[in-house]
Amino acid sequence: EECPTWSKLMDVRRNDEGINEIRVSQNTFGCWGENAEILITPHFHCYKCYQVRKVGAIDSEGWIALDTVILQTTSEADDPRLAVEVALLSRNVRFRGEKPLADGIKDGTLKAGGHSIIFRTPSPQIQSVQGVEFRNFGQAGNAGRYPLHFHVSRDVEGSSWKKNIVRDSYQRCYVVHGTHKLLLEDNIAFTTHGHCFLLEDSVEMDNTFKRNLVASTEFPLAPLSIGGRPDESDKDPSSYWVTNPKNNFIENVSAGCRHNGWWFELTPKVRGISAFLPEAENLNPVYLPLGIYSGNIVHSNHGFAVKTYRGAKYKGPGENRQTMSSWKIYRNRFSGLFWTFNNIDLVDCFLADNINQPSVNFGRSVNSRLIDTTIIGDTDLMMEQYRNFPSPQNKYACGSHGRVGLWVQGAGRSFVNVTFSNFKSHEACEVAAIGIEYNSGAEWSLEQSFRETKFNNVESAFMDFCKLRSGQKTWDSWKHSEVGIHDEDGSITSENSGAYVTVFPFYWSTFDDAPSGSQLCETSKGIIICNTGTLPIWSQECYEADQVAPCAAICPVPCYEEVEVWVSMESPENMKMRVTDVTSGIFVDYNELIPKSHGINYRIFSPKLPVTLKYEFKFLDEEEPIWPHSIKGIYKKGSCGSNFAEIEVFEPNTSCHELLINGNAETGNMDGWDKSSTTSISTEGANGSSYSFKLARNFIQSLDARCTRGQLKLNFRADMKVLGTDSNCSNKGIGVRVNSNEQKKSDWYVGEWFVFEHTFEITFGPGGGGSIRISTPFPWCSGLELLLDNVSLRLDNPTISPSNPPIKQPVASPTKQPVASPRSFKIHRGFKCNKKKNQKTRTAKNKSFRQCKNKCKKIKSCYGFYHFLQKKVKIICKLFLGKMPELKQVKNSKHVCGLLKN
């Protein structure tokens with residue numbers, strides 16, 4: 001009972017041939033006998049680079065002689081954070097199944113291999129399996145046939161699986177199915193196929209997985225389908241497959257999987273036969289509290305170490321965050337943490353030497369935090385192993401993102417006391433401590449915040465912000481330059497942070513122009529943004545920050561709020577929305593985030609704005625004010641709380657006579673109407689006209705918000721004709737609905753034009769708007785179609801709409817004529833100098849000043865340099881004139897800053 005089945009490798013001894021002796025933890029002394037078989041888990045990124053040996057003599061100090069030497073491994077003496085594990089493979093009690101034929105195993109037709117299953121046993125009986133080997137168990141492609149399987153046993157408190165080994169499994173390993181409160185402790189799984197430790201139906205709760213170890217998890221040997229469901233996700237195997245978060249995972253090890261070390265694949269409801277259990281009723285695992293997740297180790301996996309993507313997103317039981325602690329994740333070939341879950345604190349984590357994708361990828365999670373965590377790009381030990389043991393497995397690798405510590409994208413999350421170490425430039429790829437997602441359709445929130453950030457031996461703090469506009473579709477390229485990170489305490493831009501910035505060569509015209517690095521010359525709290533978008537326009541205090549990253553700027557703005565304006569589709573193709581600061585008159589024109597052709601029912605404009613200003617929104621077509629017919633709503637994302645600026649929407653006057661656009665179809669198109677796939681244009685019109693609308697189901701148009709406020713009478717009229725025959729359609733009414741008021745007409749005839757008229761009395765809200773929907777009975781009458789012409793909806797007493805009724809809190813009209821921002825931008829070069837702001841500094845027009853300015857440009861600081869040293873410009877110029885001639889040879893801003901400080 002006291003003998004562990006695995007230990008960390010403490011130390012090694014070598015002879016002339018290699019490592020011939022190892023030492024493990026003291027609590028294994030006297031437990032592992034001679035000739036026992038042991039597994040040494042992989043020490044590098046190669047998931048199959050495990051080593052199996054036999055135990056020779058064991059001396060009094062606990063040194064174990066190996067029957068065959070090993071060439072390379074990592075012990076605690078090398079680095080206690082990166083040590084591999086040594087696991088005991090031998091057991092005295094053994095069950096061995098039949099070995100299937102090679103051809104049969106591929107298609108799953110031969111159900112070879114043993115299996116065990118434990119059914120529900122009435123309480124208080126318990127079931128325990130301890131110290132047993134299960135080899136050649138599991139039947140590939142045969143549902144429910146697994147090496148160890150608790151099957152719909154429900155509450156089994158007191159039952160356990162301990163110190164067992166599943167080896168050479170043909171399908172899965174330890175399967176907990178419809179079972180709760182089971183203890184799985186100190187078990188081993190080695191060379192298995194498909195998911196290994198798993199919760200099958202997502203109903204399983206309060207089970208405890210403690211000190212289990214998995215190595216060499218392979219792809220399934222045959223597809224697995226259960227209960228008519230399509231193939232299970234074993235085709236992307238994981239050592240730990242978690243479908244219900246309310247379980248405990250403590251100090252488990254995943255040491256080499258063909259795909260994922262851990263996969264949290266949640267579902268919004270219980271699946272399989274467990275869905276009929278009483279505890280499954282109304283159970284949604286997405287909202288359950290987390291169990292205990294602490295001290296788990298994930299290394300040497302071929303895919304992701306810990307993945308939450310593809311599956312329902314965890315939200316938690318309420319607003320309070322749940323906690324996972326002490327993940328140790330290293331030497332995986334893809335992301336260490338691929339995190340999309342909401343409302344979770346990841347605390348006291350360690351990540352190192354993860355390659356090909358960012359070590360931590362925080363994608364689309366909300367209200368999650370990474371706290372007290374260390375992220376190391378390349379440990380000194382790994383670089384030494386690269387040099388001393390060259391091989392395909394030891395080759396320095398970089399993926400499409402380069403070598404990145406933390407990759408940030410999507411909605412908001414926080415990073416507190418995160419230390420980045422050893423992100424040094426490398427000839428194989430770009431290297432940076434922090435990367436920004438620039439190549440996906442994900443929305444971006446400015447809630448990304450950093451506090452107490454530390455850098456150690458880091459050349460590149462950020463990836464190149466200039467990339468934020470590259471490789472994007474035309475409809476979302478501007479969106480992805482609107483990104484930023486809130487440096488709450490200035491620790492990222494602090495002179496004492498130890499961070500240096502390496503500008504990537506493609507940014508410069510020649511390699512000779514590129515500086516080797518630049519020390520940060522000042523500390524500034526604020527939001528670090530991409531200076532190629534619209535964000536810096538709103539604040540005159542923003543300044544260039546190429547010392548942080550190319551195309552970066554810092555804005556001392558308390559918060560940017562993302563606002564979404566949803567307007568109807570009935571608007572000119574090239575309509576834009578102008579947002580004006582009513583105090584300064586500065587404005588920005590925004591194109592829509594998602595255009596009319598993108599297949600949704602609304603057009604969306606999404607500016608990000610400082611909370612401290614007052615704004616006017618105006619819609620324009622070729623600089624002429626227009627109205628988008630209807631505004632569905634103006635929404636705040638809420639990142640700045642309730643203290644958001646005031647907004648007024650400019651509304652041009654209108655006659656408010658006819659409320660519908662293109663009611664007679666004589667344009668030959670469906671402009672103004674929702675373009676449903678069941679609606680088309682007919683060449684037969686009413687009263688001899690050329691066109692009408694042909695519809696099979698619904699026909700919808702939004703109503704002008706300017707004309708639909710308060711209590712109104714609306715007169716509807718339309719010419720209609722029913723085509724076709726269907727005996728099932730008698731007394732099925734054609735409906736006309738304005739907002740929630742509906743009128744139906746049942747007395748219609750096939751093949752004849754008739755008139756549908758009705759007067760609606762409706763009370764509209766203060767924001768106005770709404771829609772008209774004309775619906776046919778033809779979901780029940782598949783053989784019929786409806787022609788529609790001369791559709792009209794008119795106010796009973798039309799009036800001129802008032803100008804500028806407030807949509808949000810009223811604000812004063814602009815006191816100045818709107819003017820374009822004086823700040824201008826330059827592709828790949830960040831800000832141009834702001835002539836108005838720097839007018840005072842440009843009074844010196846002699847040659848020495850021009851030389852000074854040219855030198856500033858060489859170090860990428862025309863604007864930012866002035867901002868920092870505005871009062872010292874004359875001194876700088878004198879230095880360039882000759883008092884410190886060595887400055888004429890300066891090649892980077894690190895050198896400049898150091899000399900100027902002295």
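Predicted model: local features only at pLDDT ≥ 70, side-chain atom pairs only at ≥ 80, totals over all residues.
Local features need pLDDT of at least 70, and side-chain atom pairs count only at pLDDT 80 or more, while totals for chains, interfaces and linings use all residues. Residues are numbered from 1 along each chain as its sequence is written, and side-chain values use heavy atoms, with hydrogens and water left out.

Start with the sheet. Strands here are DSSP runs of E, at least two residues long, numbered from the N terminus. Two strands pair if DSSP finds at least two bridges between them. An open sheet holds 10 strands, ordered β11-β14-β17-β20-β23-β26-β29-β32-β34-β36, with parallel pairing. Its edges are β11 (148–155) and β36 (431–436), which each pair on one side only. Between β11 and β14 (174–180) there are 6 bridges. R154 stands opposite T179 in β14.

Now the cysteines. A disulfide is a pair of cysteine sulfur atoms within 2.5 Å. The whole structure has 5. One joins C3 and C31, with sulfurs 2.0 Å apart. C3 lies before β1 (6–8), and C31 sits in the loop between β3 (19–23) and β4 (37–40), 28 residues apart. The S-S torsion is about -70°, so this link is left-handed.

Buried means under 20% relative accessible area, exposed over 50%, and partly exposed in between (1.4 Å probe, protein chains only). C3 has 32% relative accessibility, so it is partly exposed.

C542 and C555 form another disulfide. This link is right-handed, at 120°. Both C542 and C555 are buried.

Note on methods: Helix = DSSP H or I, 4+ residues; strand = E, 2+ residues; numbered from the N terminus.
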